[in-house]
Amino acid sequence: MADFLSIILAAGKGTRMKSEKIKILHKAAGKVIIKHVIYTLEDLSTKIINVVGYQKKEVELALNDFQDLDMNYVVQEKQLGTGHAVKQASEYITNHSGPVLILYGDTPLLRKETVAEFVEEHQKNKSDLTVMTAVFSNPVGYGRILKDDSGELTAIVEEKDADQDIKKIQEVNSGVYCVDSKLLGVFLKNMDNNNSQAEYYLTDLIEFAVERRKNINTFTVPDSEEIIGINTRRQLADAEKVLRKRIINKHFDNGVTIIDPENTYIDAEVIIARDTIIYPFCYLEGKTIIGENTVINPHCRLQNAEIASNVNILSNSIIRDSSVGENTNVGPFAYLRPGSKVADNCKIGDFVELKKTEVKSGAKVPHLCYAGDAEIGERTNIGAGTIFANYDGEKKHKTKIGKDVFIGSDSILIAPLKIGNNAKTAAGSVVTKDIEKNKTVMGVPARIYKK
Ligand code: UD1
Ligand code: MG
């Protein structure tokens, strides 16, 4: 496929979303809307120009993941319409000879395969202009596709400019176009804003091309839902549903068992290996990665969690920005807060909260515990009810516990604190000073126990 130029319109505010945040930065299936659009271009040999306006810094930040793509930004200071938005990329259009692909940043359901096929069609037909369309049983809100008696595209009329007859037309404009750079360049110099919205409509390009007797074609997507444009929260929810279904199907194809697909919520960027089982009412979010043969039991929420193979995450556990090693059990009702790292063969039991805590191989924190800013050594056992008192009212302090340590039930470990290998605390100890290796302490405050 020949190299082409892609322009993505992402400068609008999205007033219909009624939000502080511009609409293309809202998330659908855990991924900002515009990322879904850029993703369709990932495998194509194209230079991408994003037209940004509102919250441009945030848009650039959201697209940081696409470092490998040839991507540039142009700014549309005033949002005077989709035609005016494309005009901001004039410099790139003039320097490019061949097809220009234009996409709107608010269509997250578009598939990679569809975009590739669309560009191929355009080139195969030696088109000057190809418009992607879809047929909707309820076309309200979209620009309508006008065709003459021989079925040739003659114009696109926006809902707000349409009369009753035009409103009945069910074929709509998707906002995806492929157009020859020269034709586009001339149009941008000549377009006007004589319409109900006083906007420079990109859709006027069609009549402009018709007047010049250009080779114009339409490409109708078989699956109309692909071109749903997000203008309102309702459309966002519709898109979310479609995306989630697609994501679940992808995991089925990869050999993942999802007991109840209707009640499982998996974000677009989540990776799950085969033979893993996901029970209902789980939320797998962000960049969560799950290994093979792992079980995620009902009502768990994993956000950017890295879960290895053969892990059992029991019900009602929450894991955020943390990792869990192989053959480890977590939960029920465990809360792993950001920065926690649980190694292999560990047990994190019920009502255990970890924050920025490393639990090394074979260690156990089986019941009712808070551990924050801590390191727990290999094979160490933390008794039920233990509290790592990491906060003195002003600062957070660290606790470092060595290997094969036994912390008795209901111990309170006052940080900063170091506990040597093989040390022990008796039940109910309040440990205020470091404990050397092999020593046992007891009492309040804890003192060395001598036989
Ligand atoms: C647009 C089309 C309509 C089509 C529909 C498909 C026009 C005039 N109308 O309508 O025919 O059926 O999309 O979803 O093109 N934008 C800018 N700068 C602007 C205005 C818009 O960058 O000045 C961006 C927006 O951020 C958005 C995209 O262009 O990503 C489309 O704008 P939007 O306002 O959503 O157009 P629609 O009313 O949906
Ligand atoms: Mg739109």
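In which loop is the place of Pro-445? In this predicted model, Pro-445 is found in the loop between β39 (440–442) and β40 (447–448). The bond that joins Val-444 and Pro-445 is a cis peptide bond, with omega at about -15 degrees. A cis peptide bond also runs from Ala-415 to Pro-416, where omega is near 0 degrees. Pro-416 is located in the loop between β35 (412–414) and β36 (417–419).

**Metal site**

Asp-106 (OD) and Asn-231 (OD1) coordinate the magnesium ion (ligand 2), at 2.1 to 2.3 Å. Asp-106 belongs to the loop between β6 (99–104) and α5 (112–124), and Asn-231 to the loop between β11 (216–220) and α9 (233–253), so the pair ties together parts that are 125 residues apart in sequence. Asp-106 has a relative accessible area of 11% and is buried. Asn-231 likewise counts as buried, at 12% relative accessibility.

**Residues with positive phi**

Arg-213, a residue other than glycine, has a positive phi near 50 degrees. Its position is the loop between α8 (205–211) and β11. Asp-373, also not a glycine, has a positive phi near 50 degrees; this residue sits in the loop between β29 (364–372) and β30 (374–376).

The relative accessibility of these two residues is set out below.

| Residue | Relative accessibility | Class |
|---|---|---|
| Arg-213 | 77% | exposed |
| Asp-373 | 9% | buried |

Because buried means under 20% relative accessible area and exposed means over 50%, Arg-213 at 77% counts as exposed, whereas Asp-373 at 9% counts as buried.

Conventions: Residues are numbered from 1 along each chain as its sequence is written. Chains are lettered from A and ligands numbered from 1 in the order in which they are written. This is a predicted model: local features need pLDDT of at least 70, side-chain atom pairs count only at pLDDT 80 or more; totals for chains, interfaces and linings use all residues. Side-chain values use heavy atoms; hydrogens and water are left out. Donors are N, O and S atoms within 2.8 Å of the metal (3.2 Å for Na, K and Ca); water is not among the atoms, so sites may look incomplete. Helices (H or I, at least four residues) and strands (E, at least two) are DSSP runs, numbered from the N terminus. Buried means under 20% relative accessible area, exposed over 50%, partly exposed in between (1.4 Å probe, protein chains only).
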